[in-house]
Amino acid sequence: LADLGEPWANQEREAFRRVRLHALEALCTQLTAAGRRSAAIRAGALVVAAEPLRDSARRNLIEAHLAAGNVSEAVQQYEAFVEACSRVGLAPNLELTAFFPPSPAWPVLHVRRPIHVGAAVGRGLRLDAAPRRAVGAGAVTRG
């Protein structure tokens, strides 16, 4: 149907496109709720790529990133949405505070400095969920 310029073919293409976007949005939401975050992010990214100004799709993608712990990716998605809206003269419908509660860390996230694993570990950031052994004054370690 891609070569047909008939009005009925155009209407069918548009109807299929809308159904696909709604299905991918619903899939993103369901996958996020089920804990399948990377699949949810892929589904959400497909919708955002097709419709960059679709605020519900952007919201779902941001929620999937936050569920996966990708705060900087969520911030980037929000900023990309605000920028896309401003290019066409629209005010973004998303509220930043709905996704990112007030936090003293916001200026750090907003700058989006890359975190280097070696430097982060040396500053006390935990990058794994495993419990750590006590190390320091009075702690006994066995080698």
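Trainee: What share of the contacts in the protein chain between residues at least 6 apart in sequence joins residues at least 24 apart?

Mentor: The share is 51%. A contact here means heavy atoms within 4.5 Å. This is a predicted model, in which local features need pLDDT of at least 70 and side-chain atom pairs count only at pLDDT 80 or more, while totals for chains, interfaces and linings use all residues. Residues are numbered from 1 along each chain as its sequence is written, and side-chain values use heavy atoms, with hydrogens and water left out.

Trainee: What makes a segment count as a helix, and how many helices are there in the protein chain?

Mentor: Helices are DSSP runs of H or I with at least four residues, strands are runs of E with at least two, and both are numbered from the N terminus. The protein chain has seven helices and zero strands, so its pattern along the sequence reads α-α-α-α-α-α-α.

Trainee: How do you know whether the span of H1 is close to the expected one?

Mentor: The expected span of a helix is 1.5 Å times one less than its number of residues. H1 has 27 residues, and its first and last C-alpha atoms lie 39 Å apart, close to the 39 Å expected. Just after H1, glycine 35 takes a positive phi of about 85 degrees.

Trainee: Why is alanine 33 called exposed?

Mentor: Buried means under 20% relative accessible area, exposed means over 50%, and partly exposed lies in between, with a 1.4 Å probe and protein chains only. Alanine 33, in helix H1, has a relative accessible area of 72%, and is therefore exposed. By contrast, Ala9, Leu21, Leu24, Glu25, Cys28, Leu31 and Thr32 of H1 are buried, and the buried residues of H1 pack against H2 and H3. Buried residues make up 24% of the 143 residues in the protein chain.

Trainee: What makes a set of residues a nonpolar core, and which residues have the most contacts inside the largest one?

Mentor: A nonpolar core is a set of buried Ala, Val, Leu, Ile, Met, Phe, Trp, Tyr and Cys residues joined through side-chain atoms within 4.5 Å. The largest one has 13 residues, and Cys28, Ala40, Val47 and Ala64 have the most contacts inside it. Helix H1 (7–33), helix H2 (37–50) and helix H3 (55–67) each give two or more residues to this core. H2 gives the most, with six residues.

Trainee: Which residues does alanine 64 touch, not counting those up to four places away in sequence?

Mentor: Alanine 64 touches Cys28, Thr32, Arg37, Ala40 and Ile41.

Trainee: Why is the pair of arginine 18 and glutamate 14 called a salt bridge?

Mentor: A salt bridge is a side-chain nitrogen of Lys or Arg within 4 Å of a carboxyl oxygen of Asp or Glu. For arginine 18 and glutamate 14 the N to O distance is 3.6 Å, so the pair qualifies. The two residues are four apart in helix H1 and are thus separated by about one helical turn. By this rule there are five salt bridges.

Trainee: How far apart are the closest N and O atoms of arginine 17 and glutamate 51, and what parts does the pair tie together?

Mentor: The closest N and O atoms are 2.7 Å apart. Arginine 17 lies in helix H1 and glutamate 51 in the loop between H2 and H3, so the pair ties together parts 34 residues apart in sequence. At 30% relative accessibility arginine 17 is partly exposed, and so is glutamate 51 at 25%. Salt bridges link Glu14, Arg17, Arg18 and Glu51 in a network.

Trainee: Are arginine 54 and glutamate 25, which form a salt bridge, buried or exposed?

Mentor: Both are buried. Their closest N and O atoms are 2.3 Å apart. Arginine 54 lies in the loop between H2 and H3 and glutamate 25 in helix H1, so this pair ties together parts 29 residues apart in sequence.

Trainee: What makes Leu53, Val88 and Leu90 a nonpolar patch?

Mentor: Patches consist of residues with over 30% relative accessible area and no salt bridge; like charges are joined within 9 Å, and nonpolar side chains (Val, Leu, Ile, Met, Phe, Trp, Tyr) within 5 Å. Valine 88, in the loop between helix H4 (71–87) and helix H5 (96–99), counts as exposed at 52% relative accessibility. Together the three residues Leu53, Val88 and Leu90 have about 250 Å² of accessible area. Accessible areas come from the Shrake-Rupley method with a 1.4 Å probe, and for residues only the protein chains shown count as cover.
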